Amino acid sequence: MAYNRRYILTITPITKEGKPRGKPIVIRDPLTISFNVKRMPMMGDSCATIDIYNLQPSTRKKLFLDYFDFNNIQKVTLEAGYQNGKFDLIYKGRILSCRAIKEHTDVIMRIEAQSGLFVLDSYISSLSTGGKLVSDITNDVLSSTSGLEGADVEPITVTIPRPVALVGNEMAVLQTYTKGNAIVDNEKVIVLSDNKTIDGEIRVIDDSTGLLGVPEREQVTLTVKCIFEPRIKVGQGLEIKSKVAPEFDGQYKVWGVSHSGKMGLAASGECTTTIQLFTGLNIFGRFQTDLSAVQQQYPQLDTEGNYNG
């Protein structure tokens, strides 16, 4: 059965500073891959397992990476989409290991990867002058981070009047000045407060656009499953409409996204996307991105959205 899904898998050797140091290996149709990728705001939770089926022995030799070979650093990116459409980045991270296994008649190269590892080795020791905005201090920290591939920082207009010493792990320093609102997604740092969202290409998921099953609520998160949707971004706003469980209808913030499935012209299978949604400032089932408007109706809420009744 043809699902009209396409992918591009790229493996690139890099230096410790994150710069390319060799020719990348690009894998695409008609070869078959299966994948299970998870992107969560906590660095240790963003991981991927990608299986590549029946490569030539010479390519398998190039891809082999031992878990304890710390000098051979390789980056993996997986882009995917539908036929005649654009490709979206669904995972980027550092390869931990790549080895051959055999399943029935297939020889498979299995990639194990993790995203955001650059924050473990990042360290800053500098002095920031007084009178700077928190946003400027945040950008100063990010500018010294090696391995970082971009940043999306929400403007924070609070001024720090005195000089401050920026010393320690860069991510820990970043969390101090952003009140814990810095996350890592696809090797990119995003600074976004709880009641703010970034723009997303997909704004609504309902039964007609691929919502599968029933949304599942647990504490402050709502988990929904849908047909493969590579355009979902961590940090974007998303509206859910379910005919089966309308009590969960509302606008939420994407807290995490996972993709799993099998692609390739030779063999293909089911592909799905699972989205973890943060209920955030949940006023009667609606996620409010404009806090000032909510405060006019609920004066007991402070500037952080906390209830002080």
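Reader: Which residues of α3 are buried?

Author: This is a predicted model, where local features need pLDDT of at least 70, side-chain atom pairs count only at pLDDT 80 or more, and totals for chains, interfaces and linings use all residues. Residues are numbered from 1 along each chain as its sequence is written, and side-chain values use heavy atoms, without hydrogens and water. Helices are DSSP runs of H or I, at least four residues; strands are E runs of at least two. Buried means under 20% relative accessible area with a 1.4 Å probe, protein chains only; in α3 that gives Glu170, Met171, Val173 and Leu174.

Reader: Within what arc do the buried residues of α3 fall?

Author: Look down the axis of α3 and take directions from the axis to the C-beta atoms. The buried residues line one face of the helix, because their arc is 160°.

Reader: What do the buried residues of α3 pack against?

Author: Contact means heavy atoms within 4.5 Å. One partner is a helix, α2. The strands are β8 (123–128), β12 (164–169), β13 (182–185) and β14 (188–191).

Reader: How are α2 and α3 oriented to each other?

Author: Axes are lines fitted to C-alpha atoms over the stretch in contact, and angles run from 0 to 180 degrees between N-to-C directions. The axes of α2 (residues 134–143) and α3 (residues 170–177) come within 10 Å and cross at roughly 170°. Angles over 145 degrees count as roughly antiparallel. So α2 and α3 are roughly antiparallel.

Reader: Which residues of α3 make the contact with α2?

Author: From α2 come Val134, Ile137, Thr138, Val141 and Leu142. From α3 come Glu170, Val173, Leu174 and Tyr177.

Definitions and conventions: Parallel < 35°, antiparallel > 145°, perpendicular 65-115°, else oblique. Buried < 20%, exposed > 50% of the residue type's maximum accessible area, 1.4 Å probe, protein only.
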